[in-house]
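The sequence and structure come first, followed by the points grouped by topic.

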Amino acid sequence: MRRRSMTALILLVVLAATVPSSLWAQQKTTLSVVWFNDANESDVFMKTMADYQTSHPNVVLDMQVIPFKDYENKLKLMIAGGNPPDVVRITNNQVAMFVDQLEPLTGKTFDTLAKNYYSSSLALARDEAGRLVAMPTEATANGMIVNKTLFANAGIDVAKLSQTWTWDQWVEAMKKVLKANPKAKYGITVDFSPHRFSTFMFEAGGRFLTNDGKAMNFNTPENLDALNFFKMLHDDGLAPASVWMGSENPQELFSAGLVACHVGGSWLINAYNATIKDFEWAAVRMPKRKINSSVPGGKFVGTFKTSAHKKEALDLIAAFSDKSHNEQYCKDTFNLSARSDAAITYSARNADFAVFAADLAATPAYTAEDWKSPDLNKIYSYIREQVVEGLLGKQTMAQTAINIQTKGNTYFGK
Amino acid sequence: MAPRKRTHGTFEQTAAPLLFLTPNLLIFLIFIILPAVLGLRMSLYDWSILSGTGFVGFKNFQKLLSDAMFWKTLANTFVYVIFVVPLLVVFALGLALLLSKEGKGMGLFRAFYYLPTMLSLIIVGIAWRWILGFDLGIFNYILKLLGQKPVSWLTNGAMANASLIMVTIWTRVGYFMMMFIGGLQAIPSTYYEAAEIDGATKWIVLRRITLPLLRPMILVVVVLSTIEAFKSYELIYVMTQGGPGSSTKFLVQYIYQVAFEEDRLGYGAAMSVVLLAVIGLFTTVQFIAQKNEYTNE
Amino acid sequence: MNKALRYGLLALFSCVFLFPIFWVIISSLKPQSELFTYPLTILPRNPTIANYITAFASGDFITYFKNSVFVAVVATLITITINVMAGYALSKFYFKGRDFIFYMMIGTLMIPLQAIMVPIFLLLKNLGLLNSLWGVIIPPAATPTGVFLARQYIQTIPDSFIEAARIDGAKEFLIFRKIIVPLAKPIIATIAIFSFMWRWNDFLWPFIVISAKRKMTLQLALANFVGQYQINWANLLAMTVVTMIPMIVVFIVLQKYFVTGLTAGGVKA
């Protein structure tokens, strides 16, 4: 027996000595990267970070894609199970949701990086103590895209008109456009989302929360004005019932040439560039209510406090957020960059990007403050449901406002 | 080899059933029963993924009583079940009666009606949502070509519920039809021959011979379809997301929303317990009703 | 009913019934830009298989297909084995708690999976089954419906066959293998068709267990085409049509066993 163990020991030592020392030093770390796709963002990310992989051979990126409709549920499952992803792509709503679980991005590297990012983008990713918990990647802005051909048929130069128009002027223009285009059925379609609806709210001078963000301030005359205007659009047939009160997709309606205007966001540039061939379209400034406002949003990348490989993840995130990587990613995914120093010449539609950027610049900062509240995000579905109840006529919009105010406050009051 | 001394009660015989049962039972206990018990336990807690847990006893159940949305979704689910189950049974049985005899092309027809069952519910939901779209859906387009007004398939509360019922039946009728065909083919032809000799009409044959002999299978179909209908989520959510508003919001969707979006897993678990009790009640009633009918024979 | 009339009605009804599937297939041959033009087109103006090429070219499709096949086939093999064994145990033997176990199994059909997602996830993580195809294969293999069908069917096998074999001194497992299994072929085929279908179409289990791209199944991949703002129709439609094909093949192959399998167990439920 003794002889056997002796031999084994000698063999082991010899084996160890023959293994090159570099292998001891370089143990491979596999980073789990979780992404969701609208088009092919996960592939673009891998392509963008290919050079990082080459220069860091001991880091392996394991790309995991989760369907968007169940994205948060899966993330919550992973967190509950104690194995959250190392690197995760999240929307601004989701930053608010996971704000306590995300690892704060502190230190010199991130402080320096942050200097070159839009403050509204950064504001969406700060926790209560003001620390950054995720790096912005793309910035999105809500806005309006119009079917130029339909306007042209009515003899309206929409590019000129939209530079200064108000919602009342918009309604007037719609009457002419719909009259001149029998094929077009609707004047406007809005994405089925409280985030998009809030554009009307903010433009009417209202907001969700109080200035200190600690309670709901929804039941106000300004918000009621926005809710009633939204109802009027539907009642008068300017907006289709099938989007907010059905399941049709506004993008599909717009692409079919049935709607003159689409209130969506900057991500539409990519989609429409690929699919619309039958008519001319362009991004235009939103009409003004009381003020001009867009709603900031974006995608962010971060790591969790309980992630297994935080150090390597932070390193990857920092590299992804530098000028060249961010520019390449945004250019290839056809999105606005969240970096203020990004100089991207897109392969097409540069003018449209400029319009969204201009709308974003005019947006008050409190829009970001509102939307980054985790408690507000908990009643996201509730808000949407209540607005629909009002649109259906099952309750007055005044009641909708009261209900949302009350429900929201149950979370703030907790 | 000497013949066995006993044929009953040997160790092998007592152990055999347990050995046969064990693999299935083991997987079952570990992966279904255990999580179910844990889920049951969760209903007594305030359980948040993001901010921890705390024991609250029966408070979740008390909250249920005054939760308007809970009662609304329960009512929506009830209405759905009450329409879907009888319609499914009637249509599946009807198709089975037409297709139970062997004959030219019967296999092909059966395959046709079984085809929708083979699609995943997500695909069915997405496809039908598109087909029933108000402006871009093919149904309204065909109606337009025929000079009719478009129908608000999914944009009107009552119509949306009707559409969901229709699509559910379209998806599931083939599955239950096959079960009925099996039941029908098991009825010995001697019964039918005797009835024919006695000069019985088709209707009497159906009422007096076929249906009574088919009762056990009818029970199976009713029970399985009831359970399925109560648990409906994927198809509904993909087609309407519970809308317009909350007119097609069913209980499992609400449980999902409360548990994950509002991060209140304990409360969601409590609702699941109530759902389980409701389904169990329905099923037991159905079994008992069937038993009583049988004894009256 | 007049035979011609009956066939005519069936054919007409079938056409109407199958229209949605026809619509999906025909739309998969349209280029994306033609899908949402107004007025709608029924037949494609410029039929193309470009969608199929894109769906296949992504390379990952082969991986998803392989995973789906692996899961469906292996799970079905496991399911028919353990379900039939369990069905045999619950129908031909008498032991304490037998009926209780059976009703408990049926009872669990009533639990919506969504309600126990979190405990299941925690359990699978602790067992190391996350992101593994085995995590998708093993847990759902103990299907209550399969056990139910097997039990019903095996009940109709005459006890005398089994008794005779026992008197001849056969071991229990031999009896199972040489007598029960051959006689139960129809129900085995039935459970196989159902199991293949359930596993092939399953979304929820793979969703809970898997996030790694190389382990995704076809259904997960299909769900990924539904993005935050839009649906990638071109890929979705093509992949849907392709996903339907194995199901149809399995059904056609096992069809003749299907009906006989349900026959014997049917009336005596």
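In this predicted model, the C-alpha centres of domain 1 and domain 2 of chain A lie 28 Å apart. Domain 1 of chain A covers 27-140 + 297-355 and domain 2 of chain A covers 141-296 + 362-413, with bounds from an automatic or database domain assignment.

**Domain contact in chain A**

- Domain 1 of chain A and domain 2 of chain A each give 25 residues to their contact, where two residues are in contact if their C-beta atoms, placed from the backbone, lie within 7 Å.
- On the domain 1 side, at least two residues each come from helix 6 (92-97), helix 8 (119-123), strand 4 (135-147), strand 8 (296-302) and helix 19 (350-361) of chain A; helices (H or I, at least four residues) and strands (E, at least two) are DSSP runs, numbered from the N terminus.
- Helix 6 of chain A supplies the largest share of that side, five residues.
- The side of domain 1 of chain A that touches domain 2 of chain A has 13 nonpolar, nine polar and three charged residues. Ala, Val, Leu, Ile, Met, Phe, Trp, Tyr, Cys and Pro count as nonpolar, Asp, Glu, Lys and Arg as charged, and the others, Gly among them, as polar.

**Contact between chains B and C**

- Chain B contributes 68 residues and chain C 66 residues.
- Elements giving two or more residues to the chain B side include helix 1 (11-42), helix 7 (157-185), helix 9 (202-230) and helix 12 (265-295) of chain B.
- The largest share of the chain B side, 18 residues, is from helix 1 of chain B.
- The side of chain B that touches chain C comprises 53 nonpolar, eleven polar and four charged residues.

**Conventions**

- Residues are numbered from 1 along each chain as its sequence is written, while chains are lettered from A and ligands numbered from 1 in the order in which they are written.
- Local features need pLDDT of at least 70 and side-chain atom pairs count only at pLDDT 80 or more, whereas totals for chains, interfaces and linings use all residues.
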